[in-house]
Amino acid sequence: MKFEIPPLPYAKDALEPHISARTLEFHYEKHHKGYLDKLRKAIEDKPEAEKSLEEIIRTSEGSTFNFAAQVWNHSFYWKSLRPGGGGAPTDGELARAVESSFGSYDDFAKRLAEAAKGEFGSGWAWLVMDGQGRLRVTSSSDAENPIQSGRQVPLLTVDVWEHAYYLDYQNERGKYVQGVIDHLLNWDFALENWKKARKA
Ligand code: FE2
């Protein structure tokens with residue numbers, strides 16, 4: 001089978017107490033794998049089956065786009081988190097880029113929390129690098145993501161669909177988002193993406 005999703009990069013209980021093992025079990029096994037199954041069915045015997053996941057995201061619409069983007073977004077989300085993450089970036093150069101783009105790490109954290117909490121309905125909050133090389137916080141609805149347009153390169157994401165937090169926090173999305181920002185954001189992954197984006 002051409003499309004696969006990577007294994008979770010940590011144990012299912014590794015993000016506790018901020019994200020429970022039960023949430024990760026459902027989120028990865030049912031939601032993420034469910035999108036993959038639906039994508040495979042949607043493109044079976046169609047020209048899309050020959051394309052890469054990124055090409056499908058850039059060229060399709062409707063349910064094929066939704067399934068492909070949700071497969072990609074979740075693979076990116078798992079890597080955007082790690083146990084013992086969060087807080088300001090430890091890499092000096094990236095920390096300075098955050099400061100010059102947002103004013104301070106605290107201003108960045110506030111912006112990301114606002115984007116994540118403010119996205120109406122289901123969606124994603126993103127840290128991206130824009131075409132001028134500056135860091136920005138954005139949000140997207142449903143399955144939409146920054147790689148569609150190719151004008152921004154995603155560095156980190158936070159899933160704000162209810163399935164990401166409802167079992168742990170019910171309607172309190174803000175508590176989940178703050179836990180992710182303070183304790184789980186994987187700056188090593190952001191740094192890797194940022195270095196690649198600057199080379200390109
Ligand atoms: Fe999700």
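## Largest pocket

A pocket is defined on a 1 Å grid over the protein atoms alone: it is an open set of points with protein on both sides within 12 Å along at least five of seven lines, and lining residues have an atom within 4 Å of a point. Grid points are joined across faces, edges and corners, and a volume is the space filled by probe spheres set on the points. The structure is a predicted model, in which local features need pLDDT of at least 70 and side-chain atom pairs count only at pLDDT 80 or more, while totals for chains, interfaces and linings use all residues. Residues are numbered from 1 along each chain as its sequence is written, and side-chain values use heavy atoms, with hydrogens and water left out.

The largest pocket holds about 230 Å³ of space. Its lining consists of 15 residues, and those nearest the centre are Glu54, Trp72, Ser75, Phe76 and Lys79. Two or more lining residues come from each of helix H2 (53–59), helix H3 (62–80), strand E3 (153–159) and helix H8 (187–199); helices (H or I, at least four residues) and strands (E, at least two) are DSSP runs numbered from the N terminus. The most is given by H8, with 5 residues. By class, the lining of the largest pocket has 8 nonpolar, 2 polar and 5 charged residues, where Ala, Val, Leu, Ile, Met, Phe, Trp, Tyr, Cys and Pro count as nonpolar, Asp, Glu, Lys and Arg as charged, and the others, Gly among them, as polar.

## Domains

The domain assignment of the protein chain gives domain 1 (21–79) and domain 2 (92–199); such bounds come from an automatic or database domain assignment. The centres of the two domains, taken over C-alpha atoms, are separated by 20 Å. The contact between them takes 19 residues from domain 1 and 23 residues from domain 2, contact meaning heavy atoms within 4.5 Å. The lining of the largest pocket draws at least three residues from each of domain 1 and domain 2.

## Buried positions

Histidine 32 is placed in helix H1. Histidine 32 counts as buried because its relative accessibility is 0%; buried means under 20% relative accessible area, exposed over 50%, and partly exposed in between (1.4 Å probe, protein chains only). The side chain of histidine 32 reaches the backbone oxygen of valine 71 at 3.0 Å. Such a polar contact is a pair of N or O atoms within 3.5 Å; within protein, one must be able to donate a hydrogen and the other to accept it, and residues adjacent in sequence count only if both atoms are side-chain atoms. Leaving aside neighbours within four places in sequence, histidine 32 is in contact with residues including Ile5, Gln70, Val71, His74, Ser75 and Trp78.

Serine 20 is found in the segment before helix H1 (21–43) and is buried, with a relative accessible area of 15%. Its side chain reaches the backbone nitrogen of threonine 23 at 3.1 Å. Beyond four places in sequence, serine 20 is in contact with Lys12 and Asp168.

Valine 98 is in helix H4 (residues 92–102) and counts as buried at 1% relative accessibility. Among the residues that valine 98 touches, not counting those up to four places away in sequence, are Pro89, Tyr105, Phe108, Leu135 and Trp187. The C-alpha atoms of valine 98 and phenylalanine 108, 10 residues apart along the chain, are separated by 7.0 Å.

In H7, the buried residues are Arg173, Tyr176, Val177, Gly179, Val180 and Ile181. These buried residues of H7 are covered by elements including H3, helix H5 (105–118), E3 and H6.

## Backbone geometry

Most residues other than glycine have a negative phi, and most peptide bonds are trans. Here, the peptide bond from glutamate 16 to proline 17 is cis, with omega near 5°; proline 17 is found in the segment before H1.

Aspartate 142 has a positive phi, near 50°. Aspartate 142 lies in the loop between strand E2 (135–141) and E3 and is partly exposed at 44% relative accessibility. Glutamine 170 also has a positive phi, near 50°. The loop between helix H6 (166–169) and helix H7 (173–183) contains glutamine 170, which is partly exposed, with a relative accessible area of 39%.

Technical notes
On a 1 Å grid over the protein atoms alone, a cavity is a set of points where a 1.4 Å probe fits but cannot get out, and a pocket is an open set with protein on both sides within 12 Å along at least five of seven lines; lining residues have an atom within 4 Å of a point.
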